[in-house]
Amino acid sequence: MVHRIAVIIIFLGFLLSITSLCILDGFKTKIRQKIFSFGAHIHLTKYDIDKSYEESPFVIDSTVLDSIKAIANIEHVQGVSHKPCLLKSSTEIQGVILKGVGPDFDLNRFKENIIEGSFITFNDSTYSKQIVVSDKIARKLTLKVGDSLLLYFVQNPPRFRKVSISGIYQTGLEELDEVFIIGDIKLNRTLSAWSPAEIGGLEMYVKDFNQLDSTANQVYQRMDYDMQIQLITDKYLQIFDWLNLLNRNVSIFLVLIMGVSSFVIIATIIVMVMERTPMIGLLKAFGTTNKKISRIFLWNGFRIILIGMLSGNIVALGLCALQYYTGIVPLDAENYFMNSVPIAFPWFAIAAVNIGAVFIFILILILPVRFISRVSPVKAIKFN
């Protein structure tokens, strides 16, 4: 009975631990993908004391651009610009930021956000008159794909442009969905009287996000003196701090689970030793060494641990795989930024938890087994 309880508790511990790791990693990966689909890891702009959304224009030197692209961890570079405007439908007005992009825009990262229609089509001769709006803005202004509307730009002199909606996107992040629409960078250049080569910012994607700081330092060493650099982790500081807090919570949860499992293992071995005290005395009376008797209890304890660990891992990975391929467990997108529980498989973390647990449990097994050497054969045989 004690053995079964120990197996069940270890099974539940690993079921919860592995499932939590997969959900946390999936959640972090999904949130990061949504942020990165709209904003690159590194954003380079001209230094300006004005902190408005609209950047000062600049022309990136080809030598500087080539040196940045040559950085090993840089995956993609694209030019963008931002311009505040008013989005006016037949009934409503909404203040938004028009993010101007060009043919070099990394559409592969963004296209999974498009829920209706398609991305804008670029023209070689003039700017595209299409825009992509968020689902939240579309519902607020009662817009749909194919509708025409006016963009009003507050500048001197004030201007407006008639555009049509080619697509609707949804990230689930209010910081993005309530503010940004996407259009042609040529439109921003035309309205601001920029040259065809001028951009508002240079966005850079990295291959390895864990090397973001070192890559940003390399970009900093190559950029011009009048430029400034901003990391995505600084731009959306609250979201990344929240993700780091989730990491800390899961770490505390894993420590608690391992603590409870360790306590159960110690209690189980002690009960096993007490139940088998007469047997221990009999074996010692026949000349069996403490080392050989200890091996028996160590193997039984390890077998309990192994059964609990394997069954916990198999069930946890099976449930996570089911959720990964079917999305059977839904979420409220308004509160959790996604429609179903996200799953990823951090194999390194899963392996580390299992290997670390094995070493900890083996060390814990040795402690109660050492009491066997103190058992007196005569007293043990009389023990009832």
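**Briefing: cores, a central strand pair and surface features**

Leaving aside residues up to four places away in sequence, Ile31 is in contact (heavy atoms within 4.5 Å) with Leu173, Ile239, Leu243, Phe337 and Met338. This is a predicted model, in which local features need pLDDT of at least 70 and side-chain atom pairs count only at pLDDT 80 or more, while totals for chains, interfaces and linings use all residues. Residues are numbered from 1 along each chain as its sequence is written, and side-chain values use heavy atoms, with hydrogens and water left out.

**Nonpolar cores**

- A nonpolar core is a set of buried Ala, Val, Leu, Ile, Met, Phe, Trp, Tyr and Cys residues joined through side-chain atoms within 4.5 Å; buried means under 20% relative accessible area, exposed over 50%, and partly exposed in between (1.4 Å probe, protein chains only).
- The largest nonpolar core holds 50 residues, and those with the most contacts inside it are Ile31, Ile35, Phe110, Phe119 and Leu202.
- Helix α1 (residues 2-38) supplies the largest share of this core, 5 residues; helices (H or I, at least four residues) and strands (E, at least two) are DSSP runs, numbered from the N terminus.
- Another core, of 27 residues, lies apart from it and includes Val250, Ala316, Val353 and Phe361.
- In soluble globular proteins, nonpolar side chains tend to be buried together.

**Strand β8**

- Strand β8 (residues 180-184) is largely enclosed by the rest of the structure, because 5 of its 5 residues are buried.
- Strand β3 (residues 93-101) runs parallel to β8 and is joined to it by 5 bridges; two strands pair if DSSP finds at least two bridges between them.
- Ile97 has Phe180 as its bridge partner in β8.

**Positive phi angles**

- Most residues other than glycine have a negative phi.
- Thr142 has a positive phi, near 50 degrees, and lies in the loop between α4 (135-140) and β6 (148-153).
- Thr142 counts as exposed, at 59% relative accessibility.
- Ala193 also has a positive phi, of about 60 degrees, and is placed in the loop between α6 (185-192) and β9 (201-206).
- Ala193 is exposed, its relative accessible area being 67%.

**Surface**

- Leu86, Ile93, Tyr152, Val154 and Phe160 make a nonpolar surface patch of about 500 Å².
- Val154 sits in the loop between β6 and β7 (159-169) and is exposed, with a relative accessible area of 74%.
- Accessible areas come from the Shrake-Rupley method with a 1.4 Å probe; for residues, only the protein chains shown count as cover.

Note on methods. Patches are made of residues with over 30% relative accessible area and no salt bridge: like charges are joined within 9 Å, nonpolar side chains (Val, Leu, Ile, Met, Phe, Trp, Tyr) within 5 Å. A salt bridge is a side-chain nitrogen of Lys or Arg within 4 Å of a carboxyl oxygen of Asp or Glu.
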